[in-house]
Amino acid sequence: MKEDLLSQIANKYASDKGTKIPDDGGNHGPRLHFTTKYSEYMESIRNEKLTILEIGIGSGPSLKMWYDYFPNATIHAIDVDNHANMNNERVTTHICDQSDRVAMFKLMESIGEVDILIDDGSHVIAHQQISLGFLFQYVKKGGQYWLEDLHTSDREVWQGKTLYGYDMSIKEGESTVEVLEDYINTKEMKSAFMTKKEISYLNENIVDMKMFELPKSHWGINKLCYIQK
Ligand SMILES: C[S@@+](CC[C@H](N)C(=O)[O-])C[C@H]1O[C@@H](n2cnc3c(N)ncnc32)[C@H](O)[C@@H]1O
């Protein structure tokens, strides 16, 4: 079967969102197959003049991927580290902590509303929920919010561990997967990390939420959450 365009581009840049481990002899982690789902929701709009925001830049393969896939999009990306060397005529990187509402407010007031937002940042469950709670107001009506790397919701695996220097321990009932799956079942957001105002906003403005199971990786569960406004 022919690979979708986004997966082909992801694989070209060795992005772990893609489907194929590079055969360059390097020490690569698992491929997460997110692009197969993204394609289903993004292909029909890929030529539009979109505004895209990704949380988490790393060494930049996904920025290159979005740049090629969305030829008319303006792309913003945030990270706690400086990645200004990746800026170009359609890509702007910003230093911003996804758990800091004041910093995110300043940034989003300058960017405005976005069509697509992808959280591939710290993967800390508190950060995932703070970002969703705070940033959803900046997604356009009809826009898409995606949460990647939900394997960090596995309490037993992450108890006492750190990632990017953050404590990844989780209290019962507070993991991002539990919060999102509970929303899917009850249509009511409950999160220890969101304000009451954010929770009401989500309850009033989420049009659809889906949790996708992708092929398991050696990080364990491999879920991707799609939220439509
Ligand atoms: C998995 S990497 C991003 C990979 C990139 N999106 C890709 O697919 O090519 C995660 C990034 O999140 C950044 N990060 C860690 N904590 C963060 C925070 N609190 N706010 C924003 N970014 C953070 C890290 O510095 C790292 O560059």
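Start at the ligand: by class, its shell holds six nonpolar, ten polar and six charged residues. Here Ala, Val, Leu, Ile, Met, Phe, Trp, Tyr, Cys and Pro count as nonpolar, Asp, Glu, Lys and Arg as charged, and the others, Gly among them, as polar. This is a predicted model, in which local features need pLDDT of at least 70 and side-chain atom pairs count only at pLDDT 80 or more, while totals for chains, interfaces and linings use all residues. For your selections, residues are numbered from 1 along each chain as its sequence is written.

**Stop 1: the ligand shell.** Select G56, G58, S62, Q98 and S122, which come nearest among the 22 residues around the ligand. A residue is near a molecule if its C-beta atom, placed from the backbone, lies within 6 Å of it. Now colour β1 (51–55), α3 (61–69) and β2 (74–79), the elements that give two or more residues to the shell. Helices (H or I, at least four residues) and strands (E, at least two) are DSSP runs, numbered from the N terminus.

**Stop 2: zoom out.** The protein chain shows eight helices and nine strands. Its C-alpha trace spans about 45 × 40 × 35 Å along the principal axes. Of the 229 residues, 42% count as buried, meaning that 20 or more other C-beta atoms lie within 10 Å of a residue's own; exposed means 12 or fewer, partly exposed is in between, and the C-beta atoms are placed from the backbone.

**Stop 3: strand β4.** Select residues 114–119. How many of the six residues of β4 are buried? Six of the six are, so the strand is largely enclosed by the rest of the structure. Go back to β1, which runs parallel to β4 and is joined to it by four bridges; strands pair if DSSP finds at least two bridges between them. Click I52 and you will find it opposite I116 in β4. Next bring in β5, which is also parallel to β4, with five bridges joining the two. Here V114 has V139 in β5 as its bridge partner.

**Stop 4: helix α7.** Select residues 176–186, then pick out the buried ones: T176, V177, V179, L180 and Y183. They sit on the same side of α7 because they cover an arc of only 165° around the axis, taken from the directions from the helix axis to the C-beta atoms. As a reminder, an α-helix has 3.6 residues a turn, so residues three or four places apart point the same way. What lies over the buried residues of α7? The cover includes α5 (125–135), β5 (139–147), β8 (208–213) and β9 (223–228). Just past α7, K187 takes a positive phi of about 60°.

Stop 5: Most residues other than glycine have a negative phi. Select A14, not a glycine, yet with a positive phi of about 60°. A14 belongs to the loop between α1 (5–12) and α2 (34–42), and its 18 C-beta neighbours inside 10 Å make it partly exposed. Finish at Y164, in the loop between β6 (162–163) and β7 (166–167). Y164 has a positive phi of about 50°, again without being a glycine, and counts as partly exposed with 13 other C-beta atoms within 10 Å.

Notes. Two residues are in contact if their C-beta atoms, placed from the backbone, lie within 7 Å.
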